[in-house]
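This report is written for a reader meeting the structure for the first time.

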Amino acid sequence: MSKKTSIATEFLKGLWDQNPVLRALLGLCPTLAVTTSAVNGLGMGAATTFVLLCASLMISLLRKAIPSQVRIASFIVVIATFVTIVDLSMKAVLPELSKSLGAFIPLIVVNCLILGRQEAFASKNGPFRALVDGLGMGVGFTLTLTLLGAVREVLGNGTVFGFQVMPGSFEPWIVMILPAGAFLTLGLMLGVANSINQKREQAALQQARLATIATKEA
Amino acid sequence: MKTTLQMLATLIVVGMFSGGALSLVNDWASPLIEANQAKIRDEAIRFLVPGETTEEVVAQDGLTAWKVFTGEELQGWVLQYSGNGFQDKIDIMIALDPERQEIRGLKVLDDSETPGLGTWIRLNADHEAALTAKDDRNLGDEVDDSKNYPLQFFAYGEGQHLSAAGDLKVVKGKKRSQLGTTEVQSITAATISSVAIVDIINGAVVKLNELLAAQGGVS
């Protein structure tokens with residue numbers, strides 16, 4: 001990562017260009033498993049963002065002190081500490097959410113999104129940049145999971161965040177809150193994201209061509 | 001050698017800080033977690049045995065039961081029990097009448113059954129327990145036979161309840177009015193969950209009776 005990249009770009013890349021779910025396909029296990037409702041998606045995203053922020057800050061501060069031979073082991077210990085803190089706090093303060101997310105909170109430890117950001121970014125950049133990167137990635141992950149959860153909840157239960165949005169006559173598609181619904185929805189979301197990106201790339205290419213022609217003519 | 005020491009020192013320091021932080025968080029969180037669990041249990045007891053009640057705990061070998069009183073009068077027994085469901089443990093609380101002959105209510109505290117299918121064990125138990133409580137434990141005319149409740153507990157002739165002798169079984173395709181006091185209607189497309197919950201109920205009442213017999217026939 002070049003130091004020239006602006007802070008805003010560092011944050012925004014997590015939202016779309018390097019979105020952990022839609023572009024990098026990281027952390028798909030919780031993405032598919034817990035997004036049966038918008039609240040679950042938001043809760044999972046928030047928990048992951050918290051761990052990502054704390055771990056990125058810590059690893060970035062310690063990056064010069066940790067010998068490279070034991071860096072992965074140290075990263076995992078730091079990540080596991082924050083995940084356990086989130087798990088205990090959630091059980092204490094938000095027992096309902098903790099119950100519905102179940103084993104997937106402890107499993108944030110092995111979410112490759114988090115270890116990936118430590119290895120690729122936090123261990124090579126200063127604390128402020130690491131925080132911004134973690135926040136961008138976390139927000140991108142949270143938004144994607146919330147959207148996925150909301151789509152599945154609307155079709156599978158007729159509600160969003162627990163509020164009824166579909167008419168009473170609507171027959172819920174139970175398949176949408178079953179695992180198959182997660183794959184179907186994520187597949188469609190990836191398709192839409194890819195098609196948007198393709199269009200953007202084509203438009204950029206077209207502009208570059210026009211620019212070249214314009215330069216030649218001049 | 002220097003690198004080895006540096007590696008060791010790093011891991012030790014990181015591990016120590018991690019352990020310290022977790023110990024602090026645990027000190028703060030564990031009383032709150034316990035309070036949450038106690039609250040869930042209390043609410044379930046209120047739900048199963050409505051009214052102003054006091055409880056006396058009877059516990060042995062990991063089994064917890066409550067004798068529920070109104071003043072001096074024994075209202076019934078509430079028992080927490082768990083067993084294997086379709087994918088994970090199902091944790092339930094059931095209420096028995098004072099003589100422990102009938103099941104008066106059921107609350108599913110925790111389950112990981114298939115959403116929309118197996119989870120009907122929870123929804124239906126809640127629904128019927130609410131009905132039972134409202135209607136003075138007598139479903140009578142409130143039961144609409146044309147509605148197909150996926151799993152039917154506590155619904156037989158007037159004033160009758162499920163048997164608490166540990167002899168419940170799952171049946172298929174019967175009308176609510178035809179069900180006997182040892183029969184529970186299966187959930188369509190969730191037979192495993194239906195059988196599991198009935199097995200757990202049977203196990204729970206047998207365990208409670210064993211526990212009380214061991215304590216010298218408390219009744």
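This is a predicted model: local features need pLDDT of at least 70, side-chain atom pairs count only at pLDDT 80 or more; totals for chains, interfaces and linings use all residues.

The buried residues in H8(A) are A:Gly181, A:Ala182, A:Thr185 and A:Leu186.

Helix H8 of chain A spans residues 179–217, which gives 39 residues. From the first C-alpha of H8(A) to the last, the reach is 57 Å, close to the 57 Å expected at 1.5 Å a residue.

## Overall make-up of chain B

Chain B contains 3 helices and 8 strands. Read from the N terminus, the elements of chain B follow the order α-β-β-β-β-β-α-β-β-β-α.

Of the 219 residues in chain B, 33% are buried. When contacts in chain B between residues at least 6 apart in sequence are considered, 51% of them join residues at least 24 apart.

## The sheet of chain B

Chain B holds an open sheet of 6 strands in the order S1-S2-S3-S4-S5-S6, with antiparallel pairing. S1 and S6 of chain B are the edge strands; each has a single partner strand, so one side of each lacks a neighbour in the sheet. In general, the strands of a sheet pair through backbone hydrogen bonds, in either a parallel or an antiparallel manner.

Strand S1 (residues 54–60) and strand S2 (residues 63–70) of chain B pair in the antiparallel sense over 7 bridges. Across this pairing, B:Glu56 stands opposite B:Lys67 in S2(B), and B:Ala59 stands opposite B:Thr64 in S2(B). The two strands S1(B) and S2(B) form a hairpin with 2 residues between them, and B:Asp61 in the turn has a positive phi of about 50°.

S2(B) is also joined to strand S3 (residues 73–84) of chain B by 7 bridges, and these strands run antiparallel. B:Thr64 stands opposite B:Gln80 in S3(B). The hairpin of S2(B) and S3(B) has 2 residues between the strands, and there B:Gly71 takes a positive phi near 65°.

Helix H3 (residues 191–214) of chain B lies across S1, S2, S3, S4 and S5 of chain B, and runs at about 125° to S3(B). H3(B) has 24 residues and reaches 34 Å from its first C-alpha to its last, close to the 34 Å expected at 1.5 Å a residue. Its buried residues include B:Ser193, B:Ser194, B:Ala196, B:Ile197 and B:Val198. Further along H3(B), B:Ile200, B:Ile201, B:Ala204, B:Val205 and B:Leu208 are also buried.

## An exposed loop residue

B:Asp167 is placed in the loop between strand S6 (162–163) and strand S7 (169–171) of chain B. B:Asp167 counts as exposed because it has 12 C-beta neighbours inside 10 Å. In sequence, B:Asp167 and B:Val205 are 38 residues apart, while their C-alpha atoms are 9.7 Å apart in space.

## The contact between chains A and B

The contact between the chains takes 22 residues from chain A and 21 residues from chain B. On the side of chain A that touches chain B, the elements giving two or more residues are helix H4 (71–93) and helix H5 (95–101) of chain A. H4(A) gives the most to this side, with 11 residues. By class, this side of chain A has 14 nonpolar, 6 polar and 2 charged residues.

The axes of H4(A) and helix H1 (residues 2–48) of chain B come within 9 Å and cross at roughly 5°. H4(A) is therefore roughly parallel to H1(B). Where the two helices meet, the residues of H4(A) include A:Ala73, A:Val77, A:Thr81, A:Ile85 and A:Leu88, and those of H1(B) include B:Leu11, B:Val14, B:Ser18, B:Leu22 and B:Val25. By class, the contact of H4(A) with H1(B) has 14 nonpolar, 8 polar and 1 charged residues.

How values were computed. Residues are numbered from 1 along each chain as its sequence is written. Chains are lettered from A and ligands numbered from 1 in the order in which they are written. Two residues are in contact if their C-beta atoms, placed from the backbone, lie within 7 Å. Helices (H or I, at least four residues) and strands (E, at least two) are DSSP runs, numbered from the N terminus. Ala, Val, Leu, Ile, Met, Phe, Trp, Tyr, Cys and Pro count as nonpolar, Asp, Glu, Lys and Arg as charged, and the others, Gly among them, as polar. Axes are lines fitted to C-alpha atoms, for helices over the stretch in contact, and angles run from 0 to 180 degrees between N-to-C directions. Angles under 35 degrees count as roughly parallel, over 145 as roughly antiparallel, 65 to 115 as roughly perpendicular and the rest as oblique. The expected span of a helix is 1.5 Å times one less than its number of residues. A residue is buried if 20 or more other C-beta atoms lie within 10 Å of its own, exposed if 12 or fewer, and partly exposed in between; C-beta atoms are placed from the backbone. Two strands pair if DSSP finds at least two bridges between them.
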